[in-house]
Amino acid sequence: MTFNSRLRWGAVLTAGALAVPAAAAQAAPQQPNLQQAVTAKVSAAKTSKAKSDIQVNVTRGGGTDTVFGTTVALVPQGQDTHPEGWLFAARLVDGKWQVGLEGERAFTELTAASPVVSAKEKQLFGQQSFAPQAAGGDFRTGMRLPFAIGASWSMPGGAHGWAGTDTPYSSVDLAGGNGQVLAARGGTAYTMCGNGKGWIRVIHDRGYATDYYHLSGNIAANGLGVGEGAFLGNIGTDVSCGGSASGAHVHFALRQNSAYVGIANHNVGGWVFQNAASAYNGTALHGSTVRSPGQQLYNYGALGFTQGIIDAFGGGTVNKRTGPGTNYGIAGSVADGTTVNISCSKNGTSHSGRWGTTSLWNRLSDGTWVSDAFMWTGLSTPVNGTCP
């Protein structure tokens with residue numbers, strides 16, 4: 001079975017349509033120029049150069065001068081591009097709509113003052129940087145894979161773009177098991193498509209968010225708080241926001257500061273994803289274990305922020321020492337792929353491993369030491385402070 005998350009649109013929603021929930025539709029009619037105001041903002045912000053229609057979905061405040069919702073840039077069928085979606089906030093001032101899209105300073109300012117946005121959401125949106133960035137040297141996510149811990153699913157598509165071959169390679173395709181797609185980390189969830197189907201976004205802490213596309217039977221979410229492992233929907237082939245999908249799966253994407261970021265080198269569920277020269281061909285690493293597209297990924301759960309995964313760089317074990325260097329005695333060994341707890345770190349003898357050359361050594365919770373060169377932690381600096 002071939003899986004493809006390249007978002008070639010198979011259906012286009014009516015240009016200029018304004019999707020409003022039933023409760024809002026019974027209120028006073030929405031100001032007629034909201035669609036135009038949001039469309040102008042999206043047209044300036046979207047990265048695709050293809051001509052597109054803009055879907056505006058008012059989820060709160062319909063019929064008032066303060067609204068909140070989602071907006072999606074659609075593209076015609078046959079174009080090899082992708083839908084882009086944002087949360088948005090708008091306020092009517094002197095007969096004109098002030099609009100802010102997710103990731104803009106205006107969005108944070110408008111939501112901070114909005115009576116239809118919760119206090120929890122205001123705090124969450126305030127954590128987002130206004131300058132989209134990659135991990136900045138910290139690749140820890142605190143995320144599990146988006147299915148049950150202890151289960152194994154296939155990775156039919158390795159690292160690729162949200163639209164397929166576009167960069168950054170933010171996404172992987174996952175399928176199998178009982179088909180239930182679960183939140184990779186706790187956060188606040190939103191349904192992106194106007195008809196409530198197919199696409200869920202969960203905004204997490206530390207500026208991260210995750211997208212889940214092609215879902216069937218997904219939850220209805222409009223600022224819904226979800227815990228890690230909360231049910232979001234089932235794998236499917238839904239393309240309510242457009243595109244194509246061959247074979248039921250979830251198109252899982254990583255975002256940071258309101259933009260898609262490369263998933264490579266991030267740890268999700270115990271696996272560190274790696275790019276290949278072309279889209280869909282990237283691998284995943286757990287210690288020295290390599291999984292390629294079509295193979296199974298076991299969900300180890302979220303790696304803690306002061307934990308590491310032993311990477312023997314092709315060997316079976318790594319020596320533990322009584323101090324931070326090879327000039328100290330051997331105090332046993334630890335197997336490749338083992339998750340370890342780090343108490344603190346200190347410089348010692350220099351070594352080279354998969355993640356580079358370093359003199360940093362990590363003291364484990366049992367008092368022994370392992371070179372940081374043979375451990376994935378997500379940082380090149382101490383993850384739990386410096387040892388005295």
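In what sense do strand β2 (residues 53-60) and β3 pair, and over how many bridges? This is a predicted model, in which local features need pLDDT of at least 70 and side-chain atom pairs count only at pLDDT 80 or more, while totals for chains, interfaces and linings use all residues. Residues are numbered from 1 along each chain as its sequence is written, and side-chain values use heavy atoms, with hydrogens and water left out.

The pairing of β2 with β3 is antiparallel and runs over 7 bridges, where two strands count as paired if DSSP finds at least two bridges between them, and where helices (H or I, at least four residues) and strands (E, at least two) are DSSP runs, numbered from the N terminus. Asp53 has Leu74 in β3 as its bridge partner, and in the hairpin of the two strands, with 5 residues between them, Gly61 takes a positive phi near 80 degrees. β3 also pairs with β4 in the antiparallel sense, over 8 bridges, and here Val72 stands opposite Gly85.

How much of β3 is covered? The strand is mostly covered, with 9 of its 9 residues buried, buried meaning under 20% relative accessible area, exposed over 50% and partly exposed in between (1.4 Å probe, protein chains only). In a regular strand the side chains alternate between the two faces of the sheet. In β3, Thr66, Phe68, Thr70, Val72 and Leu74 point one way, whereas Val67, Gly69, Thr71 and Ala73 point the other way, and all are buried.

Helix α3 (residues 105-112) has Phe107, Thr108, Leu110 and Thr111 as buried residues, and these pack against β3 (66-74), β4 (84-93), β5 (96-101) and α4 (119-126). Thr111 counts as buried because its relative accessibility is 0%, and, not counting residues up to four places away in sequence, Thr111 touches Phe68, Ala89, Val117, Lys122 and Phe125, a contact being heavy atoms within 4.5 Å. Phe68 and Phe125 also belong, with Phe107 and Tyr190, to one aromatic cluster.

In another helix, α2, the buried residues are Leu34, Gln35, Ala37, Val38 and Val42. Seen down the axis of α2, these buried residues fall within an arc of 165 degrees, so they line one face of the helix, the arc being that of the directions from the helix axis to the C-beta atoms.

A search of the whole structure finds 12 aromatic pairs, in which rings of Phe, Tyr and Trp (its six-membered ring) have centres within 6.5 Å, and planes under 30 degrees apart count as stacked, over 60 as edge-to-face and the rest as tilted. One of them is the tilted pair of Trp162 and Trp199, at 5.3 Å centre to centre with 35 degrees between the planes. Trp162 lies in the loop between β6 (152-160) and β7 (171-175) and Trp199 in the loop between β9 (187-191) and β10 (200-203), so the pair ties together parts that are 37 residues apart in sequence. Both Trp162 and Trp199 are buried.

Leaving aside neighbours within four places in sequence, the contacts of Val250 include Trp153, Leu174 and Tyr212.

The last stop is an open sheet of 4 strands in the order β16-β17-β18-β19, with antiparallel pairing. β16 (267-268) and β19 (289-291) stand at its edges, each with a single partner strand, so one side of each is left without a neighbour in the sheet.
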